[in-house]
Amino acid sequence: MGMPRQAERYPVESIAGAPQALVLVHSPAVRMRIREALRRLGAGMVAPAVSEDGPALLRRLLFDLVIVGVRAADPARSELLQELRRDEPDVPIIVALEDS
């Protein structure tokens with residue numbers, strides 16, 4: 001289980017010794033629902049406002065899971081997913097379809 005090493009600029013809800021998730025979704029409402037679900041599971045999260053910060057965060061911090069929201073016709077998300085997978089092939093990624 002990883003723990004964020006540094007996350008001053010990002011909303012962090014860390015639980016000592018608990019799994020940590022990097023959450024990259026567009027919708028604040030969806031982020032809130034994911035936060036609630038992770039809390040119930042005893043996990044923490046980091047959720048940057050700008051999802052493109054995700055690869056940089058993944059290189060700087062340790063995460064057990066990445067959750068990425070994808071909208072239809074969003075080629076930037078496809079590139080983001082490829083970058084995440086290339087940089088951290090052992091970290092599981094959940095891809096969720098978001099409304100446009």
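The model is predicted, so local features require pLDDT of at least 70 and side-chain atom pairs count only at pLDDT 80 or more, while totals for chains, interfaces and linings use all residues. Residues are numbered from 1 along each chain as its sequence is written, and side-chain values use heavy atoms, with hydrogens and water left out.

The protein contains three helices and five strands; both are DSSP runs numbered from the N terminus, helices being H or I of at least four residues and strands E of at least two. Read from the N terminus, the order of elements is β-β-α-β-α-β-α-β. Of the 100 residues, 39% count as buried, where buried means under 20% relative accessible area, exposed over 50%, and partly exposed in between (1.4 Å probe, protein chains only). Among contacts between residues at least 6 apart in sequence, 71% join residues at least 24 apart; a contact means heavy atoms within 4.5 Å.

Strand S4 (residues 65-71) and strand S5 (residues 93-98) run parallel and are joined by six bridges, pairing being assigned if DSSP finds at least two bridges between two strands. Within this pair, Gly-69 stands opposite Ala-96 of S5. The chain passes from S4 through helix H3 (residues 75-87) to S5 in a right-handed β-α-β crossover. Right-handed here means that, with the strands pointing away from the viewer, the path from the first strand over the helix to the second runs clockwise.

The 13 residues of H3 should span 18 Å at 1.5 Å a residue, and its end C-alpha atoms are 19 Å apart, which agrees; the expected span is 1.5 Å times one less than the number of residues. Arg-77, Leu-80 and Leu-84 are buried in H3. These residues cover an arc of only 55° around the axis, so they lie on the same side of H3; the arc is that of the directions from the helix axis to the C-beta atoms. They pack against S2, H2, S4 and S5. The face of H3 turned away from its buried side carries the exposed residues Pro-75, Glu-79, Gln-82 and Arg-86.

The largest nonpolar core has 13 residues, of which Leu-22, Leu-24, Phe-63, Val-66, Val-68 and Leu-84 touch the most other members. A nonpolar core is a set of buried Ala, Val, Leu, Ile, Met, Phe, Trp, Tyr and Cys residues joined through side-chain atoms within 4.5 Å. Strand S2 (20-24), helix H2 (54-60), S4 and H3 each supply at least two residues of this core, and the largest share, three residues, comes from S4. Another core, of 10 residues, lies apart from it and includes Val-23, Val-25, Leu-38 and Met-45.

Met-45 is located in strand S3 (residues 44-46) and counts as buried, at 1% relative accessibility. The C-alpha atoms of Met-45 and Leu-22 are separated by 5.7 Å, although the two residues are 23 residues apart along the chain.
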